[in-house]
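Trainee: Please take me closely through one part of this model. Then link it to the rest.

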Amino acid sequence: MDILSQIVADTVETIKKRKQTLSLNDLQARAGASSHPHHSLKAKVAADPKPHIIAEFKRKSPSRPNINMNADPVAVAQTYEAGGASAMSVLTEPDYFAGAPEDLQAVRRAVAMPLLRKDFVVDPYQLFEAKAWGADLVLLIARILEPAQLAELNAAAQELGLETLCEVHNREELAVVGTTPVDFLGVNCRDLKKFSTNLDQLIDIVDDLPDHAVWVAESGIGGREDVARLEAVGYRAFLVGEHLMRNTDPGAEIGNLRGNPA
Ligand SMILES: O=P(O)(O)OC[C@@H](O)[C@@H](O)c1c[nH]c2ccccc12
């Protein structure tokens, strides 16, 4: 079994347990009563032609056992927001990324930028969780979903007022997306078998990316030159994790990535 299948299998178990603690009905009531205003990344991108940084909070990952285990999500969020991040991605997956629902909830109380729930969504229950915890966007990974399931989750998320970031790794996975009206189309250049990243793949695939979505470049972005290269072929937003989590001044680095004068 590859790592992604393992993560999905464990996620299914986690959801089972959560449903026993909080039924779908009660969760739906909570999501409906959620008083967080919606913060739109789509609106921000439409209003500003500069590159948009989606700055990620990630303590660790399957390939990196310690990126920044002791980081405080709220402090990091405030630094990201002050530095000009357009949105923040918060990992909520507990076992492989040391994420937690509480991280997202705490960040929501502290900042006003759009927040992405970064997790392995396979069940509508997780969309209601995202809403209840204060997220504005959810990630939908094409590789772990059937086309019909992706279309359903996408529609359900948008119905809840969540914007959707659908992630693909290659051309084959674009077939899963088809004409599903996802808000953002992310291309993840990390190979989940070898864990290596290759930005050239992000450039190779652009001819086949659908026009109806905003394109997001994901993973392995390590500096302004990377953003500039990817911007030139049509990417409007950039999901950056490790590079910012290891930086001593992530706020300043976000400005640098966006091409602001130093
Ligand atoms: O830390 P990086 O190389 O900047 O990558 C960020 C982000 O793209 C990566 O964390 C990611 C992309 N897709 C995912 C799906 C699940 C978990 C994590 C991810």
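**A helix pair, and outward from there**

Mentor: Start where α4 meets α12: Thr79, Tyr80, Ala82 and Gly83 of α4 touch Pro250, Gly251, Ala252, Ile254 and Gly255 of α12. Two residues are in contact when their C-beta atoms, placed from the backbone, lie within 7 Å. Helices (H or I, at least four residues) and strands (E, at least two) are DSSP runs, numbered from the N terminus.

Keep in mind that this is a predicted model: local features need pLDDT of at least 70, side-chain atom pairs count only at pLDDT 80 or more, and totals for chains, interfaces and linings use all residues. Residue numbers start from 1 along each chain, as its sequence is written.

Now the geometry. Helix α4 spans residues 73–83 and helix α12 residues 250–257; their axes come within 8 Å and cross at roughly 35 degrees. Axes here are lines fitted to C-alpha atoms, for helices over the stretch in contact, with angles from 0 to 180 degrees between N-to-C directions. The crossing of α4 and α12 is right-handed. That term applies if the near helix is turned clockwise from the far one by less than a right angle; anticlockwise is left-handed. The contact of α4 with α12 holds five nonpolar, four polar and no charged residues. Ala, Val, Leu, Ile, Met, Phe, Trp, Tyr, Cys and Pro count as nonpolar, Asp, Glu, Lys and Arg as charged, and the others, Gly among them, as polar.

Helix α2 (residues 24–33) and helix α6 (residues 124–133) have axes that come within 8 Å and cross at roughly 35 degrees. The crossing of α2 and α6 is left-handed. Leu24, Leu27, Gln28, Arg30 and Ala31 of α2 make the contact with Tyr125, Phe128, Glu129, Lys131 and Ala132 of α6. By class, that contact has six nonpolar, one polar and three charged residues.

Lysine 16 sits in helix α1 (residues 3–21). With 11 other C-beta atoms within 10 Å, lysine 16 is exposed. The cut-offs: buried means 20 or more other C-beta atoms within 10 Å of a residue's own, exposed means 12 or fewer, and partly exposed is in between.

Next, the ligand. The shell around the ligand has 15 residues, and Glu218, Ser219, Leu239, Gly241 and Glu242 come nearest. A residue is near if its C-beta atom, placed from the backbone, lies within 6 Å. Three shell residues are nonpolar, six polar and six charged.

Serine 219 is buried, with 25 C-beta neighbours inside 10 Å. Its phi is positive, near 80 degrees. Most residues other than glycine have a negative phi. Phenylalanine 195 has a positive phi too, about 65 degrees. It belongs to the loop between β6 (184–188) and α9 (199–204).

Finally, step back. The protein has twelve helices and eight strands. Of its 262 residues, 42% are buried.
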